[in-house]
Amino acid sequence: MTRRISIVIPVYNEGRNIQPLYNRIHDILINARFNYEIIFVDDGSNDQSLSEIQRIAKADPDVFYIELSRNFGHQFALKAGIDMAQGDCVISMDADLQHPPGLIPTLIEKWQNGFDIVYTIRKDDKNTSSFKRKSSSFFYSLMRVLSDLELEKGTADFRLMDRRAVDAINRFGETDLFIRGLVKWMGFRQTSIEYSPGMRHAGESKYSLGKMISFAYRGITSFSTKPLLLTAYLGIAFFIISLSYLPYALISYFTGNAVNGWTSLIMTIIFFGGLQLLMLGIIGLYLGKLVLQVKQRPLYLIRESNHPNLRNTVNET
Ligand code: UDP
Ligand code: MG
């Protein structure tokens, strides 16, 4: 029996990309004679994305849509699709044609050779804006320093996962999702291939600077408590420094020079005030994550879908 391939595509306002992407994927999969399903996850788009997907799904019984109840974000849309997928392997890719569909047969070939996870590494070229290149490079360096995870530069959410790995992902109960980190952490038999990203077919990137910063924060805090450790080290270091300042303060007092200390006093107050706020802030970040995790809310809500695996729909069409 031929094994089945699921392709999961998160979509947020990609109306003009859906048809061209579908055409490319369809051609590749038909030529390769694979048994497949394509799952588009509409992440609360407010353009024609959903109707485009539904139109294609009407004509092709292997195409499914999942409409989320609002915009939950890239990682959660991806998770919704992965949860629903029925394939023996799941390929995730972006909807904007930056992840070349032409690579799908190579991913599958590696899988057939026995790899559980085939991930891709983006080789930046002229198609990548210099802002994107710099911010992404900074992101991966920061990740490396602050977390205990060795993520390679340019690891994207374009990858193939065997059913084993998918089932493993589905056992994670994390509310703050950073899928590419989880995948790295999981182990299994992994291999990677390089690709150069295409131009975005239409529309613009949904990852603004703000979103990228919060993505970086999520990646770091999901995989490491090093920032907390750092605050403890800083605390110890300054405690020692302030201890050594004590003799100086005492000597000043006994020699009658105590009133002169205004400048050093105000500087110390400002400095330590700032330091303490910073440390409290870092502790607060983790505390906030804890609150969200404790609530155990669902990661996403589905409004409607035509996928057979669905249990959660409000109403079927
Ligand atoms: N996306 C999503 N929800 C969001 C933002 C993005 O589902 O809130 C999808 C988007 O439609 C695309 C993928 O995630 O398929 C990656 O987004 P984008 O191409 O904007 O990111 P970039 O390639 O610029 O990093
Ligand atoms: Mg993109």
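A crossing of two helices is called right-handed if the near helix is turned clockwise from the far one, and left-handed if the near helix is turned anticlockwise from the far one by less than a right angle. In this predicted model, the crossing of H5 and H8 is right-handed.

**Helix pairs**

The axes of helix H5 (residues 130-146) and helix H8 (residues 209-223) cross at roughly 20° and come within 10 Å. Since angles under 35 degrees count as roughly parallel, H5 is therefore roughly parallel to H8.

For helix H1 (residues 15-31) and helix H2 (residues 49-59), the axes come within 7 Å, with a crossing at roughly 25°. That angle makes H1 roughly parallel to H2. H1 passes H2 in a right-handed crossing.

Helix H9 (residues 226-254) and helix H10 (residues 262-295) pack at an angle of about 155°. Angles over 145 degrees count as roughly antiparallel, so H9 and H10 are roughly antiparallel to each other. The crossing in which H9 passes H10 is left-handed.

| Helix pair | Angle between axes | Axis separation |
|---|---|---|
| H1 and H2 | roughly 25° | within 7 Å |
| H5 and H8 | roughly 20° | within 10 Å |
| H9 and H10 | about 155° | 9 Å |

**Segments annotated in UniProt**

An unreviewed UniProt entry lists residues 228-250 and 262-287 under "transmembrane region". In the model, residues 228-250 are 100% helix and 0% strand, and the C-alpha atoms at the two ends are 33 Å apart. Residues 262-287 are likewise 100% helix and 0% strand. The end C-alpha atoms of residues 262-287 are 37 Å apart.

**Surroundings of ligand 1**

Which residues are closest to ligand 1? They are Pro10, Tyr12, Ala95, Ser205 and Lys206, out of 16 residues that surround the ligand. Strand S1 (4-11) and H3 are the elements that give two or more residues to this shell. By class, the shell has 6 nonpolar, 5 polar and 5 charged residues.

One of the closest residues, Lys206, lies in the loop between S7 and H8. Lys206 counts as partly exposed because it has 16 C-beta neighbours inside 10 Å, and a residue needs 20 or more to be buried. Lys206 and Gly73 are 133 residues apart in sequence, while their C-alpha atoms are 9.6 Å apart in space.

**Helix H3**

H3, which contributes to the shell around ligand 1, spans residues 74-84. Is this helix enclosed by the rest of the structure or exposed? Of its 11 residues, 11 are buried, so H3 is largely enclosed by the rest of the structure. Among the buried residues are the charged side chains Lys79 and Asp83, along with His74 and Gln75. The buried set also includes Phe76, Leu78, Ile82 and Met84, as well as Ala77, Ala80 and Gly81.

**Individual residues**

Two residues other than glycine have a positive phi. In Leu97 the phi angle is about 70°. Leu97 lies in the loop between S4 and helix H4 (104-112). Leu97 is buried because 20 other C-beta atoms lie within 10 Å, and 20 or more is the cut-off for that class.

Phe188 has a phi near 65°, again positive in a residue that is not glycine. Its place is in the loop between helix H7 (179-186) and strand S7 (190-195). Is Phe188 buried or partly exposed? Phe188 counts as partly exposed, with 13 C-beta neighbours inside 10 Å.

Val90 is in strand S4 (residues 89-92). Val90 is buried, with 26 other C-beta atoms within 10 Å. Val90 and Lys289 are 199 residues apart along the chain, and their C-alpha atoms are separated by 29 Å.

How values were computed:
Residues numbered from 1 in each chain as written. Chains lettered and ligands numbered in written order. Predicted model: local features only at pLDDT ≥ 70, side-chain atom pairs only at ≥ 80, totals over all residues. Buried ≥ 20, exposed ≤ 12 C-beta atoms within 10 Å, placed from the backbone. Helix = DSSP H or I, 4+ residues; strand = E, 2+ residues; numbered from the N terminus. Near = placed C-beta within 6 Å. UniProt positions renumbered as here; feature names shortened; annotations may be inferred. Axes fitted to C-alpha atoms, helices over the stretch in contact; angles between N-to-C directions. Parallel < 35°, antiparallel > 145°, perpendicular 65-115°, else oblique.
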